[in-house]
Every structure is written in structure tokens, then in C-alpha cells.
Amino acid sequence: MDINTKINIISGIILPIIGMFGATIGFLIGIYKERNNIDWKENRDALKCAYSCCEELKRSILKNIAFNIDLINELKIKKWFNINNVSIRTKVFNILEFPIFDTQNRCYIENKKDEFIKLIDEILPLIIQELK
């Protein structure tokens with residue numbers, strides 16, 4: 001086999017195969033990185049929503065005003081599932097399900113306020129640490 005035939009084989013068959021293989025690997029790595037980036041953004045949005053919801057609940061209880069039920073429902077239904085940290089997700093769920101508001105009398109349950117505020121004060125630094 002002469003040198004021209006070898007060059008034609010390399011340039012016509014082997015180099016395109018290597019190029020396609022490299023492009024495919026690069027494409028798959030790009031998809032993987034973008035997928036992880038989306039998960040990171042969703043986790044961060046869920047953590048921010050959980051933080052604002054906990055602060056809003058704490059403020060509402062301290063001022064003894066009714067809290068925004070839509071904010072809680074948004075976090076409970078849409079956002080908290082996107083929190084990657086299982087410990088934080090469980091604590092946020094416990095806060096959202098905590099029986100602090102008496103729906104019949106439309107008032108807060110007085111003997112549970114301190115415990116509820118303590119739960120919120122425990123979770124806020126954890127959320128801040130996770131956001132960093």
C-alpha cells in the first residue's frame with residue numbers, strides 16, 4: 001500500500017469517525033452539565049422559597065396576623081419537592097404541616113407558638129448554609 005492510499009484512508013475514514021465520536025462525547029457531556037445546572041437552579045429556587053415562607057410565617061406569628069396561605073401552598077405543592085437536601089426538605093415539610101393555626105376559630109394556637117418559632121429558627125441557618 002503506497003503512502004497516498006494510507007493518507008486517503010486516514011483522511012476519508014478514520015478522521016471523520018474520530019470527529020463524530022468526539023462530537024458525540026462533547027454533546028453528551030453538554031447535556032449532562034445542563035441537566036445538573038437545571039437541578040441546581042430548581043434546588044436554589046426551592047430553598048429561597050422555603051426561606052421566604054419560613055420568614056413570613058415567623059413574622060406573621062410574632063405580629064399575630066394571618067399568614068398568606070397561597071405562599072404556603074406554593075411551597076408545599078410546587079417547590080419543596082425540589083429541595084435536594086433530605087434533612088432540610090423534611091424539616092420544611094414538618095414546619096408546613098405543624099398545627100399552629102386553628103381554622104375553626106381563625107387564630108393561632110397560643111401554646112404551640114414558641115415551639116413553632118423554635119423550629120423556624122433552627123431551619124433558617126440551615127437553609128442559608130445550603131444556599132452558600
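## Ile83 and its surroundings

In this predicted model, Ile83 is in contact with Asn43, Ala46, Leu47, Ala50, Ile88, Arg89 and Val92, once its neighbours within four places in sequence are left aside. Ile83 is placed in the loop between H2 and helix H3, the latter covering residues 86–96. Its relative accessibility is 0%, and because buried means under 20%, Ile83 counts as buried.

A separate relation concerns Glu130, which stands 47 residues from Ile83 in sequence, while the two C-alpha atoms are 9.9 Å apart in space.

## Asn43 in helix H1

Asn43, one of the residues in contact with Ile83, belongs to helix H1, which runs over residues 3–63. With residues up to four places away in sequence not counted, Asn43 touches Asn82, Ile83, Asn84 and Glu130.

The structure holds 2 salt bridges. Side chains of opposite charge can pair when their charged atoms come close. In one of the pairs, the side chains of Glu56 and Arg59 meet with an N to O distance of 2.6 Å; because Glu56 and Arg59 are 3 residues apart in helix H1, about one helical turn separates them. Glu56 is partly exposed, with a relative accessible area of 24%, and Arg59 likewise counts as partly exposed, at 34% relative accessibility.

Lys58 forms a salt bridge with Asp121, and the closest N and O atoms of this pair are 2.5 Å apart. This pair links distant parts of the chain, since Lys58 lies in helix H1 and Asp121 in helix H4, 63 residues apart. Lys58 has a relative accessible area of 22% and is partly exposed, as is Asp121, for which the value is 35%.

Glu56 takes part in a further interaction through its backbone, for the side chain of Ser60 reaches the backbone oxygen of Glu56 at 2.9 Å. Ser60 has its place in helix H1, and with a relative accessibility of 1% Ser60 counts as buried.

## Lys113 in helix H4

Lys113 lies in helix H4, an element that spans residues 113–131. Leaving aside neighbours within four places in sequence, Lys113 is in contact with Ile61, Asn64, Ile100 and Tyr108. At 12% relative accessibility, Lys113 counts as buried, whereas Lys58 is partly exposed.

Lys113 and Phe101 are separated by 12 residues in sequence, and their C-alpha atoms are 9.4 Å apart in space.

## A nonpolar surface patch

Ile13, Ile14, Ile17, Ile18 and Met20 form a nonpolar patch on the surface, and together these residues have about 490 Å² of accessible area. Met20, one member of the patch, is found in helix H1. Its relative accessibility is 54%, and because exposed means over 50%, Met20 counts as exposed.

## The chain as a whole

The protein chain contains 4 helices and 2 strands, which follow the pattern α-α-α-β-β-α when read along the sequence. Among contacts between residues at least 6 apart in sequence, 63% join residues at least 24 apart. The chain exposes about 9200 Å², of which carbon and sulfur atoms supply 59%.

## Confidence of the prediction

The mean pLDDT of the protein chain is 77, and 74% of its residues reach 70 or more. Among the elements of the chain, the lowest mean pLDDT, 66, belongs to helix H2 (residues 69–79), and the highest, 85, to helix H4. Helix H4, with that highest mean value, is the element that holds Lys113 and also Asp121, the partner of Lys58 in the link between helix H1 and helix H4.

Terms used:
Residues are numbered from 1 along each chain as its sequence is written. This is a predicted model: local features need pLDDT of at least 70, side-chain atom pairs count only at pLDDT 80 or more; totals for chains, interfaces and linings use all residues. Side-chain values use heavy atoms; hydrogens and water are left out. Contact means heavy atoms within 4.5 Å. Buried means under 20% relative accessible area, exposed over 50%, partly exposed in between (1.4 Å probe, protein chains only). A polar contact is a pair of N or O atoms within 3.5 Å; within protein, one must be able to donate a hydrogen and the other to accept it, and residues adjacent in sequence count only if both atoms are side-chain atoms. Patches are made of residues with over 30% relative accessible area and no salt bridge: like charges are joined within 9 Å, nonpolar side chains (Val, Leu, Ile, Met, Phe, Trp, Tyr) within 5 Å. Accessible areas come from the Shrake-Rupley method with a 1.4 Å probe; for residues, only the protein chains shown count as cover. A salt bridge is a side-chain nitrogen of Lys or Arg within 4 Å of a carboxyl oxygen of Asp or Glu. pLDDT is the predictor's confidence in each residue, from 0 to 100.
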